[in-house]
Amino acid sequence: MSSYADRLQALRDQLKADRLDGFVVPLTDEHMSEYVGSYAQRLAWLTGFQGSAGAAVVLPQDAAIFTDGRYTLQVREQVDGQHWSYQSVPETSIAGWLEEHAPQGGRIGYDAWLHTSDWVGKAREALGKRGAELVAIGSNPIDRIWADRPQPSTARLVVHPETYAGKSSAAKRQEMADWLREQGADAAVLSALDSIAWTFNIRGADVDHTPVALSFALVHDDGTADLFVSPDKLTDEVRQHFGNGVRVHGREAFEPHLGSLSGKTVVADPERAVAAIFEALDGAGAKVLTRRDPAVLAKAIKNEAEVAGHRAAQARDGAAMVRFLYWLSLEAPKGRLDELSAAAKLEEFRRAGGDLRDLSFDTISGAGPNGAIVHYRVTEETNRPLEPNSLYLVDSGAQYPDGTTDITRTVAVGEPTAEMRDRFTRVLKGHIAIARAVFPEGTRGSQLDSFARQPLWEAGLDYAHGTGHGVGSFLAVHEGPQRIGAANYPGSGWDEPLRAGMFLSNEPGYYKAGEYGIRIENLVMVEQRDIAGAEKKMFGFETLTFAPIDRSLIEVSMMAADERRWLDNYHERVLQLIGPQLESEVAAWLELQCRPLET
């Protein structure tokens with residue numbers, strides 16, 4: 001089809017043929033994934049939106065696209081406002097919008113394999129107020145009009161060695177079995193792809209930048225499991241790795257298998273398992289216990305092997321990042337770099353460092369005003385040069401077999417303005433506040449979020465995204481259940497207690513639309529702190545990411561003595577860890593970047 005307008009009209013024609021008055025299009029897959037395979041990119045195909053979170057509703061006369069504050073600028077650049085209205089989440093919900101806009105008595109379609117039961121309940125209730133109904137469709141109408149829709153990946157599974165995993169799959173499944181017996185349950189459904197990869201110590205290549213395989217699983221109270229995955233993905237090594245404790249079925253056998261669980265008590269996660277799974281279990285006569293996927297918390301609390309692997313990955317990645325920043329310091333002033341060439345060079349440095357399996361997400365390479373687009377993805381059409389006296393924001397990460405990285409640095413190209421230095425320093429002060437935070441057991445990320453925002457708030461400024469997300473171990477770069485964010489920001493996890501061994505990002509920012517963006521991001525790990533005389537168990541963060549922070553953007557007079565001390569100590573650690581890996585000229589440059597701040 002020649003245009004997104006044609007695609008929208010084709011969907012409306014298909015809905016009319018299906019006797020539907022509307023359809024909801026989320027950006028997810030059958031596993032409620034954030035990042036999805038190309039076959040599931042229905043929202044992007046329909047609208048042109050390239051972000052990683054969003055949804056759309058199509059009615060006979062109206063069409064709306066829903067995104068959060070990270071994509072306020074991006075959605076307006078990528079989606080035609082003549083055909084779509086822009087809706088901001090969480091201020092507006094799909095259910096709330098449908099309550100106001102759905103045709104009276106209309107039939108609104110949804111794909112039960114792409115929504116949670118909770119969403120279905122809210123949407124059904126909202127539509128009921130207009131005398132309308134929510135209708136589960138047998139086949140997705142977008143799939144029927146998307147002529148060249150890609151097929152799901154056929155990539156093979158690989159074994160994730162226990163030296164990196166730190167625990168065998170059998171041991172993980174046995175712990176789940178013990179938990180199931182405590183719950184009085186016979187089995188648990190695992191549908192989140194990273195939960196399955198973690199539980200079975202396997203990795204895949206079915207989703208760009210996330211090493212997972214399209215699959216479903218049932219873990220039983222005896223420690224055995226049924227894994228539903230295409231048999232073509234299995235190698236002899238993987239079959240041997242599974243042993244007798246894992247029965248393998250085709251992925252298409254999952255739904256029929258759920259129908260065989262009559263009389264069984266089955267755990268399913270209402271946040272991660274789609275409505276179709278609950279409907280199949282209910283239809284089979286199984287008793288469903290709504291509990292969190294038992295892999296989620298165990299996966300988030302890293303064991304010693306995972307922590308050691310992450311440290312090794314960070315040291316390797318930090319060296320690549322420093323080589324890139326050194327190269328950038330030489331090449332950017334010449335005026336020949338652009339966003340694409342800079343991102344390509346950074347990936348080249350990572351590949352040269354060894355063991356790179358993939359990037360952990362598409363590099364956000366934002367020059368000047370593009371840096372103000374929080375989740376910007378550069379294309380040939382949007383590619384900008386790195387211009388003199390501007391800011392360049394680069395948010396990037398890597399997938400290594402021993403760890404997943406994510407780092408953002410903002411760099412001045414030429415001479416920054418006083419305003420840039422002020423805003424950068426406020427962001428840095430917020431970053432340091434999170435890095436230095438000490439907090440009692442049971443503290444939630446939502447209780448820490450304002451630490452990062454306070455220096456910006458003092459100037460009447462803020463940023464429209466969370467401050468930190470969880471990170472996997474050679475898995476998803478965005479991993480739950482923990483996060484640092486205000487309770488009113490999209491996404492779950494803000495109310496999750498922070499526990500020792502959890503990885504999070506620390507990434508406050510500031511974005512001036514049409515001019516520049518600033519973000520400083522390191523990964524941190526929650527650790528217990530021994531404090532003399534403490535009456536509670538206390539925790540803090542260990543910083544895991546090591547690369548210099550651009551000193552030309554720091555207004556030293558705005559920083560308190562303890563903030564300067566933290567930065568000097570951080571840079572000393574960067575020099576100690578990364579310096580010995582570098583060539584002499586790069587090491588000399590790094591030494592200059594890491595010298596103590598002058599007051």
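This is a predicted model: local features need pLDDT of at least 70, side-chain atom pairs count only at pLDDT 80 or more; totals for chains, interfaces and linings use all residues.
Q: Why does the chain count as compact as a globular protein of its length?
A: The chain holds 19 helices and 28 strands, taken as DSSP runs numbered from the N terminus (helices H or I, at least four residues; strands E, at least two). The globule rule is 2.2 Å times the number of residues to the power 0.38, and the radius of gyration is taken over C-alpha atoms. For 599 residues the rule gives 25 Å, and the chain is as compact as such a protein because its radius of gyration is close to that, at 25 Å.

Q: What percentage of the 599 residues is buried?
A: Buried means under 20% relative accessible area, exposed over 50%, and partly exposed in between (1.4 Å probe, protein chains only). By that cut-off, the buried part of the chain is 57%.

Q: How many Å apart do the centres of the positive and negative side chains lie?
A: Lys and Arg count as positive and Asp and Glu as negative, without His and the chain ends. Each charge is placed at NZ of Lys, CZ of Arg, CG of Asp or CD of Glu. With 62 positive and 85 negative side chains, the two centres are separated by 2 Å.

Q: Which residue does a cis peptide bond join to Pro 481?
A: Pro 481 belongs to strand 23 (residues 479–484). Omega of the cis bond is about 5°, and the partner of Pro 481 is Gly 480.

Q: Where is Pro 90 found?
A: A cis peptide bond with omega of about 10° links Pro 90 to Val 89. Pro 90 sits in the loop between strand 4 (85–88) and helix 4 (94–101).

Q: Is Arg 19 buried or exposed?
A: Most residues other than glycine have a negative phi. Arg 19 has a positive phi, near 60°, and is found in the loop between helix 1 (4–17) and strand 1 (22–26). With a relative accessible area of 61%, Arg 19 is exposed.

How values were computed
Residues are numbered from 1 along each chain as its sequence is written. Side-chain values use heavy atoms; hydrogens and water are left out.
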